[in-house]
Amino acid sequence: ENGVVENFQTLFLIISIYFLFKSINFFNEIKKIKYFLILKIIALIYYLGEEISWGQHFLNWSSPSWFLENNNQAETNIHNVTNLFDQLPRTLVLLWCSVVPIIAFIFIKLSSTKNILIMILIPNRKLIIFALLVLFFVLPDLIVDKFEIINKEILYDQRKGYFYDMITFNFLRLSELHELLFCYYFLFYSYSFTKLKRNNIYKSNINDLENQ
């Protein structure tokens with residue numbers, strides 16, 4: 001806890017929230033985007049709060065008795081209480097940071113129609129690079145472990161186990177690497193809205209977009 005990687009995650013999330021707050025007023029005339037940004041801010045505040053156990057990692061308070069009994073790390077957060085609040089949000093974040101931008105990018109290539117939803121999903125086409133990077137570090141472990149394509153018995157062989165640790169990146173703290181990539185994706189995603197604002201990308205198309 002509170003290592004370099006986790007501190008970078010916290011920093012990325014704080015800056016992401018700042019960028020989204022900074023962008024809201026520009027989209028007052030496009031309500032769908034404005035409301036989505038507000039929801040995104042709430043989601044990232046929740047993500048940030050859970051990551052730092054709502055400040056416990058820095059202020060070091062003692063967890064209330066309920067969390068001591070029900071949290072598997074005895075921390076003041078919800079995601080370590082049950083898999084429902086851990087794996088489900090994590091899966092949704094994974095899909096948002098990898099599959100969703102790829103689908104949106106393909107749609108852009110196949111259609112020239114401007115669409116608010118597509119702009120929300122991928123405000124900057126360079127996000128496709130980050131999406132592919134996330135998949136690069138996620139898919140090997142998913143294929144080997146979750147889908148059980150490879151017989152796990154061979155992983156007990158030291159040499160073969162080492163080989164599969166290398167190709168699945170399990171020689172690292174893989175979950176922390178994934179979370180760092182997620183946070184970096186959110187950072188670039190949020191920054192993309194400030195870039196749209198600075199370049200006045202939407203100004204000439206506001207009426208057309210609102211009617212979609």
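Visitor: Which helices each supply at least two residues of the lining of the largest pocket?
Guide: This is a predicted model. Its largest pocket draws on several helices, and each one named here gives at least two lining residues. They are helix 2 (31-51), helix 5 (87-97), helix 8 (127-146) and helix 10 (174-199).

Visitor: Which helix gives the most to that lining?
Guide: Several helices supply at least two residues each, helix 5 and helix 8 among them. The top contributor gives nine residues. That is helix 2.

Visitor: What volume does the largest pocket have, and which residues are closest to its centre?
Guide: The volume is about 1,200 Å³. The lining counts 42 residues. Closest to the centre are Asp86, Pro89, Arg90, Glu179 and Phe182.

Visitor: How do the lining residues divide into nonpolar, polar and charged?
Guide: Take the lining of the largest pocket by class. There are 17 nonpolar residues. The others are 11 polar and 14 charged.

Visitor: What share of the chain's residues count as buried?
Guide: The chain has 212 residues. A residue counts as buried when its relative accessible area is under 20%. The buried share is 43%.

Visitor: At what angle do helix 5 and helix 6 pack, and is that roughly parallel or roughly antiparallel?
Guide: Helix 6 covers residues 99-110, and its axis lies 3 Å from that of helix 5. The angle is about 30 degrees. Angles under 35 degrees count as roughly parallel, so helix 5 is roughly parallel to helix 6.

Visitor: Which residues make the contact of helix 5 with helix 6?
Guide: By class, the contact has seven nonpolar, no polar and no charged residues. Helix 5 brings Leu94, Leu95, Trp96 and Cys97. Helix 6 brings Val99, Val100 and Pro101.

Visitor: Is Ile24 buried or exposed?
Guide: Ile24 is found in helix 1 (residues 4-24). Its relative accessible area is 11%. The cut-off for buried is under 20%, so Ile24 is buried.

Visitor: Where does Trp54 lie, and what is its phi?
Guide: Trp54 lies in the loop between helix 2 and helix 3 (56-59). Trp54 is partly exposed, at 41% relative accessible area. Its phi is positive, in a residue other than glycine, and is near 55 degrees.

Visitor: Is Asn60 buried or exposed?
Guide: Asn60 has its place in the loop between helix 3 and helix 4 (65-70). Phi of Asn60 is positive too, near 55 degrees. Its relative accessible area is 60%. Exposed means over 50%, so Asn60 is exposed.

Visitor: How far apart in space are Asp145 and Thr168?
Guide: Asp145 is found in helix 8. Asp145 counts as partly exposed, at 28% relative accessibility. In sequence, Asp145 and Thr168 are 23 residues apart. In space, C-alpha to C-alpha, they are 9.2 Å apart.

Definitions and conventions. Residues numbered from 1 in each chain as written. Predicted model: local features only at pLDDT ≥ 70, side-chain atom pairs only at ≥ 80, totals over all residues. Heavy atoms only, no water. 1 Å grid on protein atoms, 1.4 Å probe; cavity = no way out; pocket = protein on both sides within 12 Å on 5 of 7 lines; lining within 4 Å. Points joined across faces, edges and corners; volume = space filled by probe spheres on them. Helix = DSSP H or I, 4+ residues; strand = E, 2+ residues; numbered from the N terminus. Nonpolar A, V, L, I, M, F, W, Y, C, P; charged D, E, K, R; others polar. Buried < 20%, exposed > 50% of the residue type's maximum accessible area, 1.4 Å probe, protein only. Axes fitted to C-alpha atoms, helices over the stretch in contact; angles between N-to-C directions. Parallel < 35°, antiparallel > 145°, perpendicular 65-115°, else oblique. Contact = heavy atoms within 4.5 Å.
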